[in-house]
Amino acid sequence: MAEQQQFYLLLGNLMSPDNNIRKQSEEAYDTIPGQTKITFLLQAIRDAACAEEVKTMAAVLLRRLLSSSFEEIYPGLTVDMQTAIKTELVTSIQTEASPNIRKKVADIAAELCRNLIDDDGNNQWPELLKFLFDSVNSNNVGLREAALHIFWNFPGIFGNQQQHYMEVIKRMLVQCMQDQENPQIRTLAARAAASFVLSNEGNAALLKHFSDLLPGILQAVNESCYQADDSVLKSLVEIADTAPKYLRPNLEATLQLSLKLCADTNLTNMQRQLALEVIVTLSETAAAMLRKHTAIVASSVPQMLAMMVDLEEDEEWAMADELEDDDFDSNAVAGESALDRIACGLGGKIVLPMIKQHIMTMLQNPDWKYRHAGLMALSAIGEGCHQQMEAILNEIVSFVLLFCQDPHPRVRYAACNAVGQMASDFAPTFQKKFHDKVISALLQTMEDQTNPRVQAHAAAALINFTEDCPKSLLVPYLDSLVQHLHVIMAAKLQELVQKGTKLVLEQVVTSIASVADTAEEKFVPYYDLFMPSLKHIVENAVQKELRLLRGKTIECISLIGLAVGKEKFMPDASAVMQLLLKTQTDFNDLEDDDPQISYMISAWARMSEVALLDTQDMENMSEDDGWEFVNLGDQQSFGIKTAGLEEKATACQMLVCYAKELKEGFVEYTEQVVKLMVPLLKFYFHDDILLYECSCARVRGPEYLTQMWHFMCDALIKAIGTEPDSDVLSEIMHSFAKCIELMGEGCLNNEHFEELGGILKGKLEEHFKNQELRQTKRQDEDYDEGVEETLQDEDENDVYILTKVSDILHSVFCSYKEQVLPWFEQLLQLVVQLICPSRPWADRQWGLCIFDDVVEHCSPSSFKYADYFLRPMLQSLCDTSPEVRQAAAYGVGVMAQYGGDSYRPFCTEALPLLVGVIQSPESKVKENVNATENCISAVGKVMRFRPECANVNEILPHWLSWLPLNEDKEEAVHTFDFLCDLIESNNPIVLGPDNSNLPKIFQIIAEGVANESVKSEDACSKRLANVIRQVQGSGGLWTQCVSTLNENQQKAVQDLLNTA
């Protein structure tokens, strides 16, 4: 008894406002064994004499214990103890007088039951199901509430008996939703029904069966909102997000209700925003379904715009020096966000016609709030309505720029916002078409000294404009831009000293950086105008509130240094480096969220590109606070801090920059860097860094390289298996393939192969599964062209991953040759599936590419798979898709070159098909040319490596007439190699009677060099140059050959003679 009293005291102390008492109590609570905790907590909950807050605390702790430590505690209890806990909980629900405690105990029961469903779906607590049914039919409202609460909390409570109880569940929910006397029962039943629907989102038959509950849920949404309860409305938002198809039979009613609630200004802002969220979420999760109800969507647009007008009058707004975060609870922000999302979800074709007239009307309203909202709306829809707005951009821009002169500062601010947004959304078209109007309007707005907030936003819009502005367009405005920026900067520097204001200065500094970044060497004349002031800011802006200004100034200096180049920047580089180092060593207490950190990391990287960093004062650097400074000798250095993920990403890019710039100078640090990088694969991956690491590590010798590679390899393979983001995944796969190519045979052990095989198999199976899902979506009743666009995007994504699977296999075949074939057989049937005639062209293309690699690198053993791929490959030579023809033609070429005798009949059979493709009338049009050139190369390879399969004398004149290849540079080299063989062996057909074909051969060579199909580093370039030199010594023939060449071709011949 004394122990129990002590425990009550402990529970009370856990709620103490005194931190020390609470901390000591938590430590004491943690030391109590689990079984004892359960006993004491249950006793506290059942003790009528116990204070309600203590009972509440006990209930919360017991639920938490069952949630987090069930496996550690419950199975170890005796059967009697387990039975006692179950009985206690049910009894407590039945007898507890306080609704709050009863609800908390129902939560505990639901949590325990969730853990008592076994792997086969058997509910190990059947008594609770009986209690549920008895309570739902009870006259006691409290028990009905508890039963619904348990079902809402754990809708999977029926386990594998759910199908058996389906009608009972439905009847129970309908009965409770029709309880006319107790609104709280109707609300709870609606929430429980929604919870059940959500937990069965993938079961289409169940959703259909329960669809007649939706009107009751909607009625409960409406009722509860006017009782200041938005819980059912939140459930409706969840259904819209997770199971939107459930709403289809009553979609009109759902949308009408959402619209009505959104428009009712008697409701709270949060409720109105949640109602709007139903419509907006559906535009994202069920756009096709919503596109059939455009009238209601059109009615929701004025609601969003009305929310955007809900702005406070604020006299201080224009003078604010700190940018406060957007108030995400405000109607204005919610309306703007909704508009942005609905435009992206439904597309501009639907949304722009709905909104355009509303915006035009708002922009003519005498109330500034409407003009502000109209301009912000224009900014919000730019991304979603991109295509449609681009067509009328002229009209939009002319109109928006007028508002840069609006009498109200917040409207001028919104105009700058719209200009900045359009500069990003429509780049570079926007810059090319409107540079003159936009630059002058923004510069004029930046002169608004009395409204710093507007000034700063005009500078921000200028940054957006210059970031994507082609250099040639910006250069004519440099004088004017620089003059304005310099005047404003000087004025704002003075204000900083006198008043401490910095907002405009922060933006102007970034504007200068952006202009310099785009102008590059054209910025040199203006360098001396800015650099002294910028250095002054870094030296003196050391207060905490000036951290962002200082960081942006550091960025500005490094960007200007990069723009003007080493020669101009060098005199200041040393002083700037000292300032950066001083920042890092003086500010040992740089906080993790210090904005200077990421600016500094980027600045170091740029410095390494511009100048060799002076290391004389870097030897005394500290390494505290997570910074790492490394001297590379030869006056090259770098510093890195790894804190937040943003900074990690910047640091990764910076390390790539160092590895590129410093090359062998980086070798000492490969080990350190790899050990930093590999754990980051979980968060962020930079495509090139590990590749540069391998290249650098090579310098240290094979043993060191192998060590480094094994450290990376496991993590890379795991990352390929687990990375969810397809962009990052493709980068990892690309890098992995390149590393294998670089490392060669022996870089993967048996465990690596086993894991990699399983992962690649999974990727291919996922590829087929995704295609099936897309086909299913095409059969859906809501399928339309908008859905098709989304499916095409998904398909492109999938195909891109397929190309990376092919890349990895290519690297493996390249490195391991025939010995890898037994491992490949686990993937064989999936690759065969790719080349089925019924598959999309991209599948067939990449399936053939994989078999091309098998033939090229694993012959003659490759022939054992001939039955799988030879017939499809030969048929694909005449495929309607040029990409498939190209892959098939390449395959025939490698068969001839590497395949061996077994492939001879197929080379013979392929020749007329190849010639047919080359001679077809459309063979040279842009989309066909690569496939055609691969066919020409393949014909050449058959004649060269399998002359017995071709009538060489008959084909050669034709083949010569098809040369040179201009698009496929790799295959062009093969054809020139063969041409050299033929010329050097004095082949009479190629040279012609009395060397009459030489002018034609000269033309082929000259055109090949002019088009860079042959480069000086290619082995055949020397041989081609020798052919030309031989002719050069023969007087008349030389003149005849040269006379057929145009000026460009003659120069190409001369270049070849000079370099080869």
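How many cavities of 30 Å³ or more does the rule count? The count comes to 5, where a cavity is a set of points, on a 1 Å grid over the protein atoms alone, at which a 1.4 Å probe fits but cannot get out.

## Basis of the model

The model is predicted, so that local features need pLDDT of at least 70 and side-chain atom pairs count only at pLDDT 80 or more, while totals for chains, interfaces and linings use all residues. Residues are numbered from 1 along each chain as its sequence is written, and side-chain values use heavy atoms, with hydrogens and water left out.

## The largest cavity

The largest cavity has a volume of about 120 Å³, a volume being the space filled by probe spheres set on the points, with grid points joined across faces, edges and corners. Its lining is made of 13 residues, of which Lys 356, Ile 359, Met 360, Leu 378 and Ile 396 are the closest to the centre; a lining residue has an atom within 4 Å of a point.

Two or more lining residues come from each of α19 (348–363), α20 (368–381) and α22 (393–402), and α19 gives the most, with 5 residues. Helices here are DSSP runs (H or I, at least four residues), numbered from the N terminus. By class, the lining of this cavity holds 11 nonpolar residues, no polar ones and 2 charged ones, with Ala, Val, Leu, Ile, Met, Phe, Trp, Tyr, Cys and Pro taken as nonpolar, Asp, Glu, Lys and Arg as charged, and the others, Gly among them, as polar.

## The largest pocket

About 1,000 Å³ of space lies in the largest pocket, a pocket being an open set with protein on both sides within 12 Å along at least five of seven lines. Its lining counts 38 residues, and those closest to its centre are Ala 287, Arg 291, Gly 786, Val 787 and Thr 790.

Among the elements that give two or more residues to this lining are α15 (269–285), α18 (331–346), α38 (750–779) and α39 (785–816), and the largest share, 8 residues, comes from α39. The lining of the pocket divides into 13 nonpolar, 12 polar and 13 charged residues.

## Salt bridges

The whole structure holds 45 salt bridges, each a side-chain nitrogen of Lys or Arg within 4 Å of a carboxyl oxygen of Asp or Glu. Lys 170 and Asp 212 form one of them, at 3.1 Å from N to O; Lys 170 lies in helix α9 (residues 166–177) and Asp 212 in the loop between α11 (204–209) and α12 (214–225), 42 residues apart. Lys 170 counts as buried at 12% relative accessibility, with buried meaning under 20% relative accessible area, exposed over 50%, and partly exposed in between (1.4 Å probe, protein chains only).

In a further salt bridge, the closest N and O atoms of Glu 223 and Arg 186 are 3.1 Å apart. Because Glu 223 lies in helix α12 and Arg 186 in helix α10 (residues 183–199), this pair ties together parts that are 37 residues apart in sequence. Glu 223 is partly exposed at 26%, whereas Arg 186 is buried at 13%. Asp 879 and Arg 844 approach to 2.3 Å between their closest N and O atoms, and both residues are buried. A network of salt bridges also links Lys 245, Arg 248, Lys 292, Asp 780, Glu 781 and Asp 782.

## Aromatic pairs

There are 23 aromatic pairs, counted where ring centres of Phe, Tyr and Trp (its six-membered ring) lie within 6.5 Å, with planes under 30 degrees apart called stacked, over 60 edge-to-face and the rest tilted. The rings of Phe 430 and Phe 465 have centres 6.2 Å apart and planes at 70 degrees, so the pair is edge-to-face; both residues are buried. Ring pairs also join Phe 133, Phe 151, Phe 158, Tyr 165, Phe 196 and Phe 210 into a cluster.

## Backbone exceptions

Most residues other than glycine have a negative phi, and most peptide bonds are trans. The peptide bond from Ala 427 to Pro 428 is cis, with omega near -5 degrees, and Pro 428 is in the loop between α23 (409–425) and α24. Asn 986 has a positive phi of about 55 degrees and counts as exposed at 55% relative accessibility.
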